[in-house]
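I opened a new notebook page for this structure. My plan was to look up side-chain pairs, then check how exposed each partner is.

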Amino acid sequence: MDIIDAEGCLKDAFATDVRPLLAEWRKRHNIEPDPMASYRASGYESRVGKEREAARAKRGGASGSSYA
């Protein structure tokens with residue numbers, strides 16, 4: 001019940017960089033080690049953007065985006 005040690009444990013866990021460990025796990029499972037690089041290379045964002053724009057035009061909506 002030592003709150004100082006508990007806080008230290010929490011800070012250590014927060015500061016631990018697990019990215020190299022995750023990249024190694026991904027490599028062992030034949031998954032791209034850098035998920036953002038894989039996402040960017042996939043062209044998904046561009047493809048979905050075009051699909052959404054086409055669907056919006058089909059419904060007669062204006063182009064662009066809005067959160068309002």
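**Entry 1: the tyrosines**

I began with Y39, which is partly exposed, with a relative accessible area of 33%. I noted first that I am working from a predicted model. Next I looked for aromatic pairs and found one in the structure. Its members are Y39 and Y44. The ring centres lie 6.1 Å apart, and the planes make an angle of 55°. I logged the pair as tilted, because only planes over 60 degrees apart count as edge-to-face and those under 30 as stacked. I then looked up Y44 and read 37% relative accessibility, so Y44 is also partly exposed.

**Entry 2: salt bridges**

I turned to charged side chains. Side chains of opposite charge can pair when their charged atoms come close. How many salt bridges does the structure hold? I listed three.

**Entry 3: K11 and E7**

I took K11 and E7, whose side chains meet in a salt bridge at 3.4 Å, N to O. I count this contact because the cut-off is 4 Å. Where do K11 and E7 lie? I placed both in helix α1, which covers residues 3-15. They are four residues apart, about one turn of the helix. K11 has 52% relative accessibility, so I marked K11 as exposed, since the limit is over 50%. E7 has 40% and is partly exposed.

**Entry 4: D17 and R19**

I moved on to D17, which forms a salt bridge with R19. I read 2.8 Å between the closest N and O atoms. Is R19 buried or exposed? I found R19 exposed, at 60% relative accessibility. D17 came out as partly exposed, with a relative accessible area of 43%.

**Entry 5: R56 and E53**

I finished with R56 and E53. Their side chains meet in a salt bridge, with N to O at 2.8 Å. I found both residues in helix α4, residues 44-59. They sit three residues apart, which is again about one turn of the helix. For R56 I noted a relative accessible area of 21%. I kept R56 as partly exposed, because buried means under 20%. E53 is partly exposed too, at 31%.

**Entry 6: recap**

I have one aromatic pair, the tilted one of Y39 and Y44.

Definitions and conventions: Residues numbered from 1 in each chain as written. Predicted model: local features only at pLDDT ≥ 70, side-chain atom pairs only at ≥ 80, totals over all residues. Heavy atoms only, no water. Phe/Tyr/Trp six-rings, centres within 6.5 Å; stacked < 30°, edge-to-face > 60°. Buried < 20%, exposed > 50% of the residue type's maximum accessible area, 1.4 Å probe, protein only. Helix = DSSP H or I, 4+ residues; strand = E, 2+ residues; numbered from the N terminus.
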